[in-house]
Amino acid sequence: MSNIRARLLAALVVLCGCVTVAGTTPAPAAPALPGSLPFDGTALTVSNGRFVDGDGREVVLRGYNVSGETKLEENSGLPFASVADARKSATALRALGGGNSVRFLLSWAHAEPVRGQVDTAYLAAVTAQLKAFLDVGIRVYPDFHQDLYARSLFNSGSWYTGDGAPAWAVQLGNYPQESCGICLFWGQNITQNGAVTAAQHDFWHNAYGVQDNFLATAQQTMTYIRQNLSAEQFAGVIGFDPYNEPHAGTYDSGQTSRTWERDLLWPFYEKFRARMDAAGWQAKPALVEPNLFWNANISAQKQEGGLLDAGTLGSRYVFNTHFYDQKAISGILMWGNASDGQYASDFAAIRDRAAAAGTASIVSEFGHPLSGTVSGKAPTVLKAMYQALDSGVPGASWWTKPADSGPVLSGSQWQWDIYNGRHQELMNGNADKVLTSGDAWNDEDLSAVKLDDSGTPTLRQDARLVDRVYPSATAGTTLAFTYEDRSRDGSTTLTWNPVPSTLPNVAQLVGSGQYSLLVWRSGSGSAPTELHLPASFPTAATTVVSDLGTVHGPPAYTPSTPVAVAAETGGTGSRRLLLTDSDSGTLHYALVTNGATAPSANLLSGARAELTGWLGAHF
């Protein structure tokens, strides 16, 4: 069905009363997802600086942004042309990309195309596509996305484009003709394009009441989504990201980046939080972003920030930030490739800031171009970013300083766009500038996925890099985690965290394979610890060495089986390792590897003895 026909049908359904709208009863209960176990499907909350599920397990969210397609007009501000495409994307994201969550992009311009009038047909289409992810067990946090404030700030001949605010909001401002001067990267428009800076300034000062309109539309959007999801589906909604990459535009006289956050950005988030409560999202956090330049890794771009004056964020807010290596993207400021521990200090700043704010953190965007002059850096840049999400310690020192790892960070890679390289986007409405390549937006090309000629999703990045072992739910407190993915840069296998020679049996067991090691202290709940198993870890080739048990080819899960394998929810074929303990406050470890073929009992016993000794020496 074409996008136009789908939206017309949605509008007719709303008019005839077949879709729930404000003031009506919630959607009926959804059937249990394939592969669901008794502890699956509970809503997440924030406690003690972590995401936790209904059993009190620490949850790590990993996945992608879905998707940059929302920034385009070819599908009218929707991530997909159809619900069928959304299902195809969601299934692939789970099975190929190893994700358990997505940041789901929405368009204010399409949600409120006429001032004061929310387009329920758009909301119906968005909600239907969002359900496709929830229905395969993928958690979702929506994001009203913007870049350079609005597409309508730009004209048909512009070199760049934007997304976000509706055309009517731009018309109110009567902004000057946009111009970035000599700009080599689209992001320079944020601070150098007078139309963009003026419009952003007006939004934060609520000129013409545009911020009030945005907040009202956000509330109606959240109300609609809640009322048109079942209780089970709504439990899979993590929270809401109010505003992508906020920036002042221009600072007022005497104002600094820090005081702007305090006096304008934070009050906006408090208003948005109140709108969430009014929409029935009281138990879900707002995932709030600081000034986007607070953690820039180019000193000339960096601005003081990080919501330093917001106090304790607690359970109702999550510290949400982005990280891109602008030095690597510049092609000038970083020669060569990224290396082991490249971003340890950058991600330590995120861990530290979230801890100081008393809340959980998420890196809701990170990535690197996959084509162009700097694309050769992508394998090492992305490996280093995932390494920094997993642990605050570089691989070279992880085995000697594991207790310094810090919490495992949640993150959403930019991006997952199945239409990559197959777009038909008229840039700024110009029929003579039809964009088809890459992401079809300001020369970006970062999607980890594309469709092949048969219409089947296929990865554009090394599967070893993106489909990773990670502790999706820890029954207790995670103390340390590492994953050596052995991802490749061309024909070169990258090994940044080899097993030390002081653990010869462990090193022999792992061999040249991939491995992870999790250390945790058990909690009081009965649900097991879970690790996502990539496709490169078939059950028959997976070896687990743990104080809970040692096994090659783990058996199927039962509540009384300490080391076992089960399907992840959603029926996509993805799997998880389940580790069940029966104690509280006890130190546990689990090494998981695909490097061994029929390991002997002596080798397994020797590896277990070495890991037990290592654990006692470092914890």
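Me: Is E610 buried or exposed?
Reply: E610 counts as buried, because its relative accessibility is 14% and the cut-off for buried is under 20%. Keep in mind that this is a predicted model.

Me: Which helix is E610 in?
Reply: Helix 17, which covers residues 601-618.

Me: And what does E610 touch, leaving aside neighbours within four places in sequence?
Reply: With those left out, E610 is in contact with L503, P504, N505 and V506.

Me: How far is E610 from C180?
Reply: Their C-alpha atoms are separated by 60 Å. Along the chain, E610 and C180 are 430 residues apart.

Me: OK, cores next. Which residues touch the most other members in the largest nonpolar core?
Reply: F133, Y149, F347 and W416 do, in a core of 113 residues. Helix 4 (residues 120-134) gives the largest share of this core, with 9 residues.

Me: Take F133, then. What is it in contact with, beyond four places in sequence?
Reply: Quite a list: V66, F80, A86, S89, A90, L93, V102, F104, I138 and V140.

Me: What about a second core?
Reply: There's a separate one of 23 residues. Its members include W398, A480, L503 and A596.

Me: Switching to rings. How many aromatic pairs are there?
Reply: The structure holds 39. In one of them, the ring centres of Y64 and W416 are 4.7 Å apart with the planes at 45°, so that pair is tilted.

Me: Where do Y64 and W416 lie?
Reply: Y64 is in strand 4 (residues 62-66), while W416 is in the loop between strand 10 (410-413) and strand 11 (425-426). The pair therefore ties together parts that are 352 residues apart in sequence. Both Y64 and W416 are buried.

Me: Which residues are closest to the centre of the largest cavity?
Reply: Q387, T482, Y483, E484 and N497, out of 15 lining residues. Helix 13 (378-390), helix 14 (395-398) and strand 16 (476-484) are the elements that give two or more residues to that lining.

Me: How does the lining of the largest cavity divide by class?
Reply: Into 5 nonpolar, 5 polar and 5 charged residues.

Me: Last topic, the second largest pocket. How much space lies in it?
Reply: About 660 Å³. It is lined by 31 residues, and D40, G41, G137, R139 and T569 are the closest to its centre.

Me: Which helix gives the largest share of the lining of that second largest pocket?
Reply: Helix 9 (residues 231-235) does, with 3 residues.

Me: And the classes in the lining of the second largest pocket, what are the counts?
Reply: That lining has 12 nonpolar, 9 polar and 10 charged residues.

Methods
Residues numbered from 1 in each chain as written. Predicted model: local features only at pLDDT ≥ 70, side-chain atom pairs only at ≥ 80, totals over all residues. Heavy atoms only, no water. 1 Å grid on protein atoms, 1.4 Å probe; cavity = no way out; pocket = protein on both sides within 12 Å on 5 of 7 lines; lining within 4 Å. Points joined across faces, edges and corners; volume = space filled by probe spheres on them. Helix = DSSP H or I, 4+ residues; strand = E, 2+ residues; numbered from the N terminus. Nonpolar A, V, L, I, M, F, W, Y, C, P; charged D, E, K, R; others polar. Core = buried A, V, L, I, M, F, W, Y, C linked by side-chain atoms within 4.5 Å. Buried < 20%, exposed > 50% of the residue type's maximum accessible area, 1.4 Å probe, protein only. Contact = heavy atoms within 4.5 Å. Phe/Tyr/Trp six-rings, centres within 6.5 Å; stacked < 30°, edge-to-face > 60°.
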